[in-house]
Amino acid sequence: MEKKASLYDFLPQEYPIPGKTVYRQKQIAEWLYQKRVTTFEAMSNLPHELRTELAHTFTLLPLELVTRQGAHDTTQKFLWQLTDGQLIESVLIPASPALYGEASDRKTLCLSTQVGCAYGCRFCASGLEGWKRNLTPGEIVAQILATEKISKQKVNNLVFMGMGEPLANYDNLMKAIEIINAPWGLNLGARHITISTSGLAPQIKKLADSPKQIRLAISLHGATDEVRTQIMPVNKKYPLSQLLEACLYYQKKKRKRITLEFILIQDINDSLDQAQHLAHLCQQLHAKVNLIPYNRVEGLPWERPSENRIKQFAKTVCAHGATATVRREKGHDIDAACGQLRLKTERKLATSSPTA
Ligand code: SAH
Ligand code: SF4
């Protein structure tokens with residue numbers, strides 16, 4: 001059976017539903033994003049024939065909940081099944097009172113942009129079984145709508161740090177961001193959106209040239225080419241010098257600071273020599289760094305360093321003139337590092353399938 005497109009893949013005017021007037025597009029957008037109906041029948045100001053036609057041609061939300069972990073006021077993790085059976089995940093993270101104060105109503109949603117990932121970073125569950133496909137704009141946006149519906153909470157901050165490499169799905173990501181920004185869509189400003197990338201230098205420049213004021217985070221994880229290449233194969237294609245140049249270009253164009261992400265893995269990248277190199281890179285970029293204690297992935301041999309080593313590493317970075325914070329993964333106990341819940345579920349399905 002042919003896979004139907006989702007109505008959430010379309011943008012009034014820029015990328016319209018074929019054959020429909022702007023007036024109709026806007027009416028439909030209102031049903032999708034403001035009133036958030038769950039059936040075509042509920043779109044009561046559309047002619048009956050049009051509702052029938054839409055129902056024949058399109059789906060509404062292109063995903064369904066498989067499992068949800070976590071409680072209302074903690075990190076919650078959602079595993080979704082797409083219409084072709086593929087699995088993706090999103091993570092809802094409440095504000096950290098330590099960082100934003102007790103009264104903060106910040107609700108961050110971590111979104112996936114691809115099924116699997118082609119970049120094969122050695123620490124990451126998302127890349128373990130390769131890349132399957134890009135998500136459509138609708139599949140990206142639907143993660144927000146479905147999360148808000150199920151959690152009954154309003155998301156006001158987005159990070160593209162879920163499964164996949166966002167900048168390798170550039171066009172669909174940008175269409176999704178159009179829908180997220182639009183007054184007729186989710187009306188959430190680009191300043192509340194962060195894209196995390198493993199360092200695709202040309203796409204970083206492309207993003208710098210786009211008019212959107214999106215925030216950028218770089219998954220660095222190695223402060224010299226030797227260490228970074230060992231952890232992230234993408235470094236062979238875009239070594240640190242190229243990545244740095246692209247980041248400087250981004251900052252010059254956007255006048256915005258970049259954040260660096262650095263997972264700490266025992267005996268792999270946690271030497272104090274790495275800390276010094278990292279501080280130097282931070283200074284060159286005027287960037288601050290988030291240090292993330294490694295979250296163990298089943299099937300991978302690596303470990304998180306001791307508390308003592310983490311502290312020493314952070315202290316060394318700061319002593320060399322940079323700003324470092326240690327990010328405590330709130331969802332540590334529920335496999336919140338991206339890709340882990342899906343991996344577990346896929347493995348379970350594979351072992352329980354009689355033909356597998
Ligand atoms: N592909 C993009 C975005 C998704 S991965 C990128 O690489 O930036 C984004 C982040 O997930 C990583 O930078 C890291 O912060 C986190 N992550 C992935 N696996 C992890 C693990 N095992 N432990 C801790 N954090 C992890
Ligand atoms: Fe892909 Fe990012 Fe995971 Fe690397 S860290 S495999 S780029 S999702």
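**Entry 1: ligand 1**

I began with ligand 1 and found that 21 residues surround it, the closest being Gly162, Gly164, Ser196, Ser219 and Asn295; a residue belongs to such a shell if one of its heavy atoms lies within 4 Å of the molecule. I noted that this is a predicted model, in which local features need pLDDT of at least 70 and side-chain atom pairs count only at pLDDT 80 or more, while totals for chains, interfaces and linings use all residues. Residues are numbered from 1 along each chain as its sequence is written, chains are lettered from A and ligands numbered from 1 in the order in which they are written, and side-chain values use heavy atoms, with hydrogens and water left out.

Next I looked up polar contacts, which are pairs of N or O atoms within 3.5 Å (within protein, one must be able to donate a hydrogen and the other to accept it, and residues adjacent in sequence count only if both atoms are side-chain atoms). A polar side-chain atom of Ser196 lies 2.6 Å from an oxygen atom of ligand 1, and one of Glu165 lies 3.2 Å from a nitrogen atom of the ligand. From Asn295, a backbone N or O atom lies 2.9 Å from a nitrogen atom of ligand 1.

I then sorted the shell of ligand 1 by class and listed nine nonpolar, eight polar and four charged residues; Ala, Val, Leu, Ile, Met, Phe, Trp, Tyr, Cys and Pro count as nonpolar, Asp, Glu, Lys and Arg as charged, and the others, Gly among them, as polar.

**Entry 2: ligand 2**

Around ligand 2 I found Cys117, Tyr119, Gly120, Cys121, Phe123, Cys124, Ser126, Gly164, Glu165 and Ser198. By class, I noted five nonpolar, four polar and one charged in this shell.

**Entry 3: helices**

Helices here are DSSP runs (H or I, at least four residues), numbered from the N terminus. The axes, lines fitted to C-alpha atoms over the stretch in contact, with angles from 0 to 180 degrees between N-to-C directions, come within 9 Å for H6 (residues 201-209) and H9 (residues 240-254) and cross at roughly 5°. H6 and H9 are therefore roughly parallel to each other, a label for angles under 35 degrees.

For H9 and H10 (residues 272-285), the axes come within 10 Å and cross at roughly 35°. Here Leu244, Cys247, Leu248 and Gln251 of H9 meet Leu281, Gln284 and Leu285 of H10, where contact means heavy atoms within 4.5 Å. I counted this contact by class as five nonpolar, two polar and no charged residues.

Methods. Helix = DSSP H or I, 4+ residues; strand = E, 2+ residues; numbered from the N terminus. Parallel < 35°, antiparallel > 145°, perpendicular 65-115°, else oblique.
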